[in-house]
Amino acid sequence: MASPPTSYGGYGGNANESPKYTFEYPAAWKQEVPSKVEKGTQGIDGRVVNPRSKDQRAFVITLTRAGEDNARFQLTDTESTFASFAGADYDLQDALSDATSTDKFEAEKEGIKFFNYKINSPT
């Protein structure tokens, strides 16, 4: 679940309020509360981790400019999408800036559209 906006690390003026939204993840995974820096500068609203493999994590981030200035956010707009994702993941930001190429394709499974991207980068 995502904590209210001013609840950093479980603290803050509204830390006891209900989350603004929830998301589903595997039952065995554990929630990690984002820090003030992660929430404020990286836009991370929620994070869960697989306790059996700490490398497996899922993040919920606030995409920059989403709905700002009456702009419409489109996941199919690759540049805007990656710019927003990169704001939450510095490693991705480095990989994108050093990328030699980016391949993308769409796939559909059980009526759900997926956007797949392969970033070729030395970083």
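Residues are numbered from 1 along each chain as its sequence is written, and side-chain values use heavy atoms, with hydrogens and water left out. In this predicted model, local features need pLDDT of at least 70 and side-chain atom pairs count only at pLDDT 80 or more, whereas totals for chains, interfaces and linings use all residues.

Helices (H or I, at least four residues) and strands (E, at least two) are DSSP runs, numbered from the N terminus. Strand S4 (residues 101–109) pairs with strand S5 (residues 112–120) in the antiparallel sense, over nine bridges; pairing requires that DSSP finds at least two bridges between two strands. Glu-108 stands opposite Lys-113 in S5. The hairpin of S4 and S5 has two residues between the strands, and Glu-110 takes a positive phi near 50° there.

Helix H2 (residues 78–88) packs with helix H3 (residues 90–97) at an angle of about 135°, their axes being 5 Å apart. The axes are lines fitted to C-alpha atoms over the stretch in contact, and angles run from 0 to 180 degrees between N-to-C directions. H2 and H3 are therefore oblique to each other (under 35 degrees is roughly parallel, over 145 roughly antiparallel, 65 to 115 roughly perpendicular and the rest oblique). The contact (heavy atoms within 4.5 Å) includes Phe-82 and Phe-85 of H2 and Leu-92 and Leu-96 of H3.

One aromatic pair is counted, with ring centres required to lie within 6.5 Å. The rings of Phe-23 and Tyr-25 have centres 5.6 Å apart and planes at 50°, so the pair is tilted (planes under 30 degrees apart count as stacked, over 60 as edge-to-face and the rest as tilted).

Notes:
Rings of Phe, Tyr and Trp (its six-membered ring) pair if their centres lie within 6.5 Å; planes under 30 degrees apart count as stacked, over 60 as edge-to-face and the rest as tilted.
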